[in-house]
Each structure stands twice: as structure tokens, then as C-alpha cells.
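Here's a walk through the model on your screen, starting with the whole chain and ending with single residues. Keep the viewer open as you read.

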Amino acid sequence: MTKQSGLQDILPLAPLQEGLLFHSVFDEKAPDVYLVQQAIDLEGDLDTAALAAACRTLLRRHANLRAAFRYQGLKRPVQLIPHQVELPWEETDLSRLPEPERSAAADRLLEEDRLRRFDLGRPPLMRFTLMRLGDGRYRFVLTNHHILLDGWSRPMLVRELLALYRTRGDDSALPRVRPFRDYLQWLAGQDRDSAVAAWREVLAGLDGPTLVAPQAGERTPVVPGRLETELADADHAALTRLAREHSLTLNSLVQGAWAVVLSGLTGRDDVVFGTTVSGRPPEVAGIETMVGMFINTLPVRVRLRPDEPFLDAVRRTQDEQTRLQSHQQLGLAEVQRLAGEGELFDTTMVFENYPVDIGAERDEPGGIGGVTVTGTRNRDATHYPLALVAVGRDGLRLRLDHQPDLVPPAAARAVLERLVRVLRGAASEPHRTVGRFELLSAEERGNVLSLGRGTDTGPADTTLPAAFRAQAERTPHADAVRCGTTVLDYAELDVRSDRLARALVAHGVGTETPVGLLMDRSEHLVVALLAVLKAGGAYVPLRQGDPLDRLRQVTALAGVRHVLTDAEHAARAEELGVTAVRADAADAPAGGGELPSGPGHADRLAYVMHTSGSTGMPKGVAVTHRDVVELARDRSFAGGAHARVLVHSPHAFDASTYEVWVPLLSGGTAVVAPPGDLDADTLGKVLTEHEVTGLWLTSGLFQLVADEAPHHLAGVREVWTGGDVVQAAAVRRVREACPGTVVVDGYGPTETTTFAVRHRIPANAPVPDTVPIGTPLDNTRLLVLDTALRPVARGVAGELYLAGAGLARGYWRRPGLTAERFVADPHGPAGTRMYRTGDL
């Protein structure tokens, strides 16, 4: 049967051969990136017939070089080995061309050869090209599909070819070839179950893949770009010494450095990348001289902790890789199925230390049969977005191949430079912790930090009462508060709040005394806010609709002993077991205690606003006078658009800070909406009646208004919205109905005093499909950091931190939680802090 079919053998595939077959046939019209090309420059009296005979003998001796691959209609692909194949030989004479044209033509032929695909079903998957470049000058090109040969095999194959050239193809003096099928037989006899168990244990708990180009999808790979560099001799010597002293390999040190770089590229501390293992088991006699595809690509998992010494992480990874050495026969696809994640990685790291001295014969007198090898260069490739090759011969050379449509050359160069920085850092400071490696260059770091820095307009070194009084002196008769038909000008608001403040002082309210607010929206609420602050206290807004137990919990956590209330809620305030003071009394008693003298300190507590804690325990965010004044004076609210702001948010919601204080500290009017929830029509009526110019709407309410009655916003100059994703379609509907209205997407947690960033969409500007959160407010800094608090490169996932203006003091009476979320800022002035948002 074998003779009839012309086949010598039918063999299974090695693990990596299966993967290469899949990637090569994925798109058979695109360039096959798994073509390997070696160009050898020769000088001398070349015998072309002898060289062709040597190539023919090479194909005869090594059966696996004659393989074709079949997969269609089969459960598992196979390789078909014919008894013989035609020699794929081409000769081109370029010697008659002028020198510049000759070099260009040779390069062009090389590139054309590299892009010419093999048909994996038509053997041999190897071809030989000889170019004559001049008198006694040749370039011999050996091109094969990677599915036939690994990197260890190629130098041996070329040395054998040169030896055969010396004998004009006579192999009688050469040792017998150990066939590749012997390795495949050994592979079939391995304990698969124990290998599966070992890999399942290694990958347990992995929460996702490590991808530098998750957008790659099912794209067709392109011919990669290539970057190269070499570590300084002193750094290489230091790393070699470090490896020897700590019983590590240089490969392990480079793997550890690559893991640190990948962590910086992906924002992950549990990283996975592919590595190539030799796949040559010592149990197979003569394995070191066999030619074929023995290597396998398998995942390396590295768990990084910022506070762990780099060498400890490397040692742990090396030990794990050593335990896996007897289980490296599984294919990558099967290993990835064990993790249940599909693709585990899209980068690889290979350490090459196999011999490549194919031109050693040049040192012999007369070279090889009168021919000398004067140079050689290899081109191979991969489909991965990033593929690192470290060559550890006579130094440490680093080569980074990259898919240029996914990782542009400049980005790839930055990655390579980061790797060099980590290796240098390990060489100079061996016991450095993982988190102390600087991944970004000084320029990159400066650029990233400057992107998140708002304009510096100087500190707001005043209190809210002082800022309000200064405004009242400038505009005493301007409308400060409007509520229905009630109007308070600045002078009257100042007098009424002074009177209530004295009453609070008489009740014992003093510096930073927490005073609860349990009342409906009205002009009395605005008076109450000012009065608490003038008395030296800090207001604690309470949600009128909360159950009594919740209100008791909040007042107890905040240390509230006094509550300002109104007729509607007075009885409930009494049930809290605190002193209830009516803020809506028609004639508040004159006299009372003396108000604090002097300007007061800007860092004094202004209010405590509670947010829901993840454990059910409310968190009281402690905001200072400086924080609120900085918000009110931000230039985002200049220009008159916020001259009349609607106060409609619950006062226990931090948007009310904007609604009250932005107009009151700029001579504008706080327009207080009727109590209760507002529907779209009621909202429209209030906006029109009071000629509101500035408005905050949650993204949900903005969506509702945009859907039902966008025309209600026609007279509003600026609408700020946020709290959740702002839909572009909603913005477009509002803009169509109200072409003069500016929409602003505002973002900021309560811990940063309402807003930290905003994105303004001017009335005449197109609405982006995804509305961004925008840029920082004045004196505010946004930092995207990794788990070691290092800035991440643009486009890399990290955690958002906020610093600068508006940053709250912390959580009231919660020092542990404050220390956890309000952390030291290593990128700001000494002693400053930043807020860890938890947002990625």
C-alpha cells in the first residue's frame, strides 16, 4: 500500500506543528509569517552543481524535510512523508547589473521569496535559491516553513549541508540520521494525565489572559517589524554574576524582567506569556543531533507583588518551570483549554543559546572546498503582537518582533527600552522590590503626569462664611436665593444666617461640631447651611426618606447632637434623641451666642456627607471649607452660565454642593426647586419661570428629559450631567432641541467634592460616539497608576487616583478606612495625599 501511494510514512504532528498548521491555513491568501529564511553569503569558486547535489542529499537523508501536511476530513492532522521529492532549486544571475541595482535586486528577491507562501499539502516545504552577485560572490538562500524545523535544528542542518557540499552530495562518510519519527514515538508514550494535572494546578485561579493587543481579534497577521539592542557588557556581567550567586539562569532573569514589563503594559499583577521550550528529552538517544520541530510554546505564569523582592519572584517562577519540565509535551491549545480562558497570552519570550557558528569553517585554509562563508542572516517571524528573543551568546542581545498594525514601531521601541531599564535595575540593585522598578522613561513619565494635571490657579485660602460675606458686601441687593415667590438678597441671607448661627452657638455648637440637617428643600435650607458654618460647625445632611434606624445610625457615626429641621420633620428629629432646632421659625430669637471672630481656617471641616459603604456601614466623607471654595471658584463655572443654578438635588447628595455654593460665591442666584421629586414637566416649568442658566442632572434624569421633553432645556446655558455613562444619543437629542445649550459630562466621587473632571461639548461641536469624562478641573490632578503607584503608559489599564483641589480630609471618625483610600501621593508635593477611586 505504501509503495502504491508513494508514501514512506504517515506520522502524527508534534504539539507546536499543530499550532503552526492552524495559523498558516487560517488565511491562505495572506503572507505566512511562519516562513523562515536564511541568507548565506559565499565567496570563492563555488561549484553550483555540488551545492545542488548537497541540497538533494539533504532532503533524501531527512525524511521529515519531505513532509506534507493534511488536515481536511481528518480528526487529527497528519504529516505525509513521500519517498522522494523534486529538488526546489532556483538560480539567478545578478552579476551583470551595476552595483547599486544589484544590491537592490538581491534585496527585492529576498523579500519576494520571503512573502511567497508554501502550500502545506505539497512537499517539500523548503526551497533553495542561489544568486550570483559578482565574480566569486554568491548569496545562497535557504527558505523553509517553520513547521519543519526549530531554531536548534537549523544550524545543524546548514553545517551538514556544507559538509555535503564538500563531498558533492556523498553522505557515505556521515553518521546515520536518527529519524524524527523516533521522537514522535517517544512523545506518544508520555503520561498525558499527569501532565494535564500539573498544568491544571499551575493555572488554577488565573482570572484572565494577559493581552497587550486585545483588539487584535481574528485579524490576519502581517510581516512583523524588528527592533534590536544589546545590554551593556557591565550590565550583562552583573546579571551573569547575579544568576550564578543565586542559582538562577539568565533566562529566568530575563523572564522575570519581561513579566514586570508586561505587568506595566497590561495593568495585571498575574501575568502570562508564552515561552519556547526545547522539547528535546534526554531519554531519546541522539536527540541533540536530530533535525525537526521539537520545540513547544507553553505559558509561563508569573505572579508579581509590588513589595516582593524581584529575585524572589524570579526564583519562584524558575522553580515552577523546573517542576514542569517533565510535562512539556502537551500542546498549547490543550493547556489553554485547561485554564478555560481561550487565548492565555499574546506575547512570547524566547531565550536562545543554541550554537549558530555555521561559518566556523571559514577559518579553515581555503574555506569549504575553496568557498568561504562571509556572512549569514536569518529572518523568522511570529503572529504574536510582541515576540521577544534574548540571545545569550557573547553578551545579551535583545530582539523584539512586533506586529506594526497592533504595536507601532515607536511603541515597540518603548517596550524594549523598558525591558532594558528593568534588567539594568536588577543588575545595579539586585534586592530591589518589584514595585520599585521604573518602567517609564523620565520623558514618558512627565508626559503622562502632565496629561492629568489641571491648570494651577493658586490656593483658595479662605472659609465659606468669609467668601460669602465678601460677596454679600459686593452685591448686597442682588438676589441670592429664590424659592417660589420668596426672594432673599445677599444682605438678608447674611442677616438671617447670622441670627440662626448665634442660636446654634447658644446650643453649644462650636468648631467642627457636626450639626444634622433634616428638612425639605426651601430657602430655610440655604439659611441653615450658612448658619452652621458661621457658628463654626459642620453640617451633616440627612436623607428625609431614610428609615429611623438608618438616621440614628448616621447621626451616631457622625457624632451629631443637634439637628436643624423644619415643621414637616420636627417630630422625626425629636425621635433621634438629639437637640432639634427649627430653622424655619418665622422669627428666630435675636441675641444668642457670639459668632467666632476672625477669618477662620480654610482646612476646617465644612460638612460630612455619607455614602453607602460596601459593608453596609455608611461612610462619612469629611469635606473642608477650602475644598468647597476651590470648587466654586473653578473656571469651569465662570462666564455667566451658572448665574442662576437650580437647587433640586437631595441635600444629602454631593451635587447640592455645586448647586448652592457655585452661585452664592459668585454673586449668582440659588433657585430652590419645590420639595420632592421633579418630573420632566415640573422641571421645565421651574427652569422657565426662574430663567435658570446652570443645571445639574444625573445621567438617568438627563436621559429621561432627553427622551420625553428635551425642549425644556432650551433656556439653560449649561447642563452638567454624569454619575453614570452619559449616552451620546441623549446628548444629540438635547442639542437638536436646544442648539444653544452646552452639555458637560462631569465626573467626581463625593471624596473629591462633587467634580474632579469634566468634558464640555460646545453647542457647535460634534458629539463623540462615546462621551469621555474629560480633563481635570483647576488645581486637580488625575493619576492612572499601577499597584505599585507608578504611572502607567497611555492606553494601559490602571487605577484612577485623584489629588489636589477638592480632595476631602478623609472619612469622618474612620482613620483605618481613610488610610486605605486616602494614600500618600508620591507624585505631588511632600505631605500631600491622593484618593484611590477603585475605578479602572
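Predicted model: local features only at pLDDT ≥ 70, side-chain atom pairs only at ≥ 80, totals over all residues.

Residues are numbered from 1 along each chain as its sequence is written, and side-chain values use heavy atoms, with hydrogens and water left out.

**The chain as a whole**

The protein chain holds 24 helices and 34 strands; these are DSSP runs numbered from the N terminus, with helices being H or I of at least four residues and strands being E of at least two. Its radius of gyration is 37 Å, well over the 28 Å that the globule rule gives for 840 residues, so the chain is more spread out than a compact globule. (That radius is taken over C-alpha atoms, and the rule is 2.2 Å times the number of residues to the power 0.38.) Along the principal axes, the C-alpha trace spans about 120 × 55 × 50 Å.

How much of the protein chain is buried? Of its 840 residues, 57% count as buried, which here is under 20% relative accessible area, with exposed being over 50% and partly exposed in between (1.4 Å probe, protein chains only). As for contacts (heavy atoms within 4.5 Å), take those with a separation of 6 or more: 73% of them are between residues 24 or more positions apart.

On the charge side, there are 92 positive and 108 negative side chains, and the centres of the two sets lie 3 Å apart. Lys and Arg count as positive and Asp and Glu as negative, while His and the chain ends are not counted. Each charge is placed at NZ of Lys, CZ of Arg, CG of Asp or CD of Glu.

The chain is divided into domain 1 (7–177), domain 2 (190–346 + 384–439), domain 3 (469–624) and domain 4 (779–839), with bounds from an automatic or database domain assignment. Taken over C-alpha atoms, the centres of domain 1 and domain 4 are 58 Å apart.

**Helix α11 and E334**

Now zoom in on α11, residues 332–339, where L332, E334, V335 and Q336 are the buried residues. What do they pack against? Their partners are α7 (192–203) and β10 (296–303). Just after α11 comes G340, with a positive phi of about 70°.

E334 sits in this helix and is buried, at a relative accessible area of 16%. Leaving out residues up to four places away in sequence, E334 touches R192 and V196.

**Loops worth a click**

L678 is in the loop between β24 (669–672) and α21 (680–689). Is L678 buried or exposed? At 17% relative accessibility, L678 counts as buried. Not counting residues up to four places away in sequence, L678 touches R521, H648, A673 and L683.

G121 lies in the loop between α4 and β6 and is partly exposed, at 35% relative accessibility. Setting aside neighbours within four places in sequence, G121 is in contact with A68 and F69. P124 is found in the loop between α4 (99–115) and β6 (126–134), and a cis peptide bond joins P123 and P124, with omega about 0°.

G639, in the loop between α19 (625–632) and β23 (644–647), is exposed at 62% relative accessibility.

Here are some C-alpha to C-alpha distances for the residues above:

| Pair | Apart in sequence | Apart in space |
|---|---|---|
| L678 and L701 | 23 residues | 9.6 Å |
| G121 and G723 | 602 residues | 59 Å |
| G639 and Q336 | 303 residues | 58 Å |

E512 has a positive phi of about 60° although it is not a glycine, and lies in the loop between α15 (490–506) and β17 (514–518). N779, also not a glycine, has a positive phi near 65°; look for N779 in the loop between β29 (775–776) and β30 (780–785).
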